Structure formats: structure tokens, C-alpha cells
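Have the viewer open as you read.

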Amino acid sequence: MNDGRERLRIAVQKSGRLSEASLDLLRRAGLAFRASRDKLFLYGENLPVDVLLVRDDDIPGLLVEGSCELGMVGRNVLDEQRLAGDTATTPTRLLDLGFGGCRLAIAVPDGSAIDVPRDLGGLRIATSYPALLADWLRTQGIEAEVVLLTGSVEIAPRLGKAHAICDLVSSGATLAANQLHEIATVMHSQAVLASSPRPRSAAATQMLERLVARIAGALSGAG
Ligand code: ATP
Ligand code: ZN
């Protein structure tokens, strides 16, 4: 709506853990849509709202640029990008969505001598969330080396790349399968509805508030 668009855009994960629940919530909020031929968009048929299907990591950036007015994304992704400080402005967190629950946790190999967080001093920790981990280490007063890995973080200890990992956990089954166990929680996360920090016209703001109210209504109805 910053570029003369007359429709709102909401960014949702294209394919992953949040996709189905995000689209389901939009349907429960009363939005009916059909897919574009290239499967990048879902066009709202009954409201002036379109859904942009993207990688979850792209959602904070799309909100900061103003390419989308709203997005559904893990709080972990939002906070990582905010702490990484790539942009002066950051998206606004509006609502917790009640799905995508998980925690960012520190885990170590079974049988390791690392028992409590302070044992991590001077060691290497592999993660895909370097800013969240560095922030937590600072608050704990621990000096450790953060090793950035974008995938398969859980095998880093076996490869000798790190002594510990900092990764997202829900059931803990993946950790157990890799002979790892948790020693600390860095943050709790769930999917959130976030909005663009860019100013909009009064008409766009009104449309946005209406959609957010519908989503909030669908959430409370689900209880
Ligand atoms: P994309 O292709 O969109 O980048 P991805 O692989 O980064 O996908 P997913 O694995 O689908 O992302 O996870 C999306 C979000 O789901 C995470 O950022 C997190 O908020 C949430 N989540 C919930 N449980 C877990 C879990 N056990 N492991 C990882 N993420 C989880
Ligand atoms: Zn991702």
C-alpha cells in the first residue's frame, strides 16, 4: 500500500512447519482465496487481501521494505533479524498465533562433561541463530565462540565442528536421535502476526485493522 496498491498483502511461509496453520487461520478469519498460476500468490476472492508465499526468513525483510503489510512468522526469526540489526526499523509484533511452538535450546552430546551453561565458557557452539545466541551468552556472562551453520546443526558435535549446539526443539526427538540432550533454554517461540513499520494511508490502516481484528477473532474462537 506504499506503492499505490489498493490491496493488502500478507506474507506466509510457502512450504514448511507454519504453512498449513497460517493458511488455516486466514480461512478461519473469513478469507477465501485462489492460487496464482506461479503459486507465489493466493488472491483473496472476498476481501482486498492477497497472500504472498515465501521462505520464512524473507518475511521480516518484506515487512521492513513495506512490500507486505502483515506477515506470519516464528518469533525466533523475527527476533534474530531484529538483534542482528540489519535494518534501522523492525516489524511490530501484533499477536501470538498459538501454533509453531518451540524453544531455542542449548544441547550437548550425551556423556559430555558440559552440565550447566557456565561450562560452555571458551567452547564452540553451532547455531543458525547467532544473534539470539550471542545475546543470551552476554546476559549469562559466558564467553563462547558462536559457529554459524545454516543446516544440520545437530550433527556439528559429531563432525568436531562444535562442542554444543543452539537449535530449535519441539518434542526433543531430533536431539535424542542424535545423542544430544538439553542443558538450557535460550528462548520460547511460537508463530506471531507482525506488521510493517512503514507508514500507510488512513484507508490502508483501516483495512489492516479490520483484518487483524478478524484474525484475533478467529484465534479466540478457536479456544
Ligand atoms: P523455509 O524454507 O521457509 O526457510 P525453514 O526450514 O527455515 O523453512 P521450518 O523448519 O518450516 O523452516 O520452521 C519454521 C518455523 O517453525 C521455525 O522458525 C520455528 O518458529 C517453528 N518451529 C516449530 N517447531 C520447530 C522445530 N521442532 N524445529 C524447527 N522449527 C520449529
Ligand atoms: Zn527458513
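Leaving aside residues up to four places away in sequence, Ser195 touches Leu63, Glu69, Leu70, Pro91, Thr92, Leu94 and Arg200. Keep in mind that this is a predicted model. So is Ser195 buried or exposed? Its relative accessibility is 6%, and since anything under 20% counts as buried, Ser195 is buried. The residue belongs to strand E12, so let's see where that strand sits.

E12 is part of an open sheet of 7 strands, and reading across the sheet you get E2-E3-E4-E1-E5-E12-E6, with mixed pairing. The two edges are taken by strand E2 (33–35) and strand E6 (92–96); each has a single partner strand, so one side of each has no neighbour in the sheet. On average, neighbouring strands here are turned by 25° against each other, ignoring direction.

As a reminder, strands of a sheet pair through backbone hydrogen bonds, and the pairing can be parallel or antiparallel.

Helix H1 (residues 19–28) lies across E1, E2, strand E3 (41–44), E4 and strand E5 (70–74), and runs at about 145° to E1. Helix H3 (residues 75–84) packs on the sheet too, touching E5, E6 and strand E12 (191–195), with its direction at about 100° to that of E5.

Next, the aromatics. How many aromatic pairs are there? The count comes to 1. The partners are Phe41 and Tyr43, and they are stacked, with 5.8 Å centre to centre and 5° between the planes. Tyr43 has 31% relative accessibility, so this residue counts as partly exposed.

The largest pocket has a volume of about 1,000 Å³. Its lining is made up of 37 residues, and those nearest the centre are Arg17, Asn76, Tyr129, Asp167 and Leu168. Which elements give two or more residues to that lining? They are H3, strand E10 (164–169) and helix H5 (173–177). H3 supplies the largest share, with 5 residues.

Key
Residues are numbered from 1 along each chain as its sequence is written. Chains are lettered from A and ligands numbered from 1 in the order in which they are written. This is a predicted model: local features need pLDDT of at least 70, side-chain atom pairs count only at pLDDT 80 or more; totals for chains, interfaces and linings use all residues. Side-chain values use heavy atoms; hydrogens and water are left out. Two strands pair if DSSP finds at least two bridges between them. Helices (H or I, at least four residues) and strands (E, at least two) are DSSP runs, numbered from the N terminus. Axes are lines fitted to C-alpha atoms, for helices over the stretch in contact, and angles run from 0 to 180 degrees between N-to-C directions. Contact means heavy atoms within 4.5 Å. Rings of Phe, Tyr and Trp (its six-membered ring) pair if their centres lie within 6.5 Å; planes under 30 degrees apart count as stacked, over 60 as edge-to-face and the rest as tilted. Buried means under 20% relative accessible area, exposed over 50%, partly exposed in between (1.4 Å probe, protein chains only). On a 1 Å grid over the protein atoms alone, a cavity is a set of points where a 1.4 Å probe fits but cannot get out, and a pocket is an open set with protein on both sides within 12 Å along at least five of seven lines; lining residues have an atom within 4 Å of a point. Grid points are joined across faces, edges and corners, and a volume is the space filled by probe spheres set on the points.
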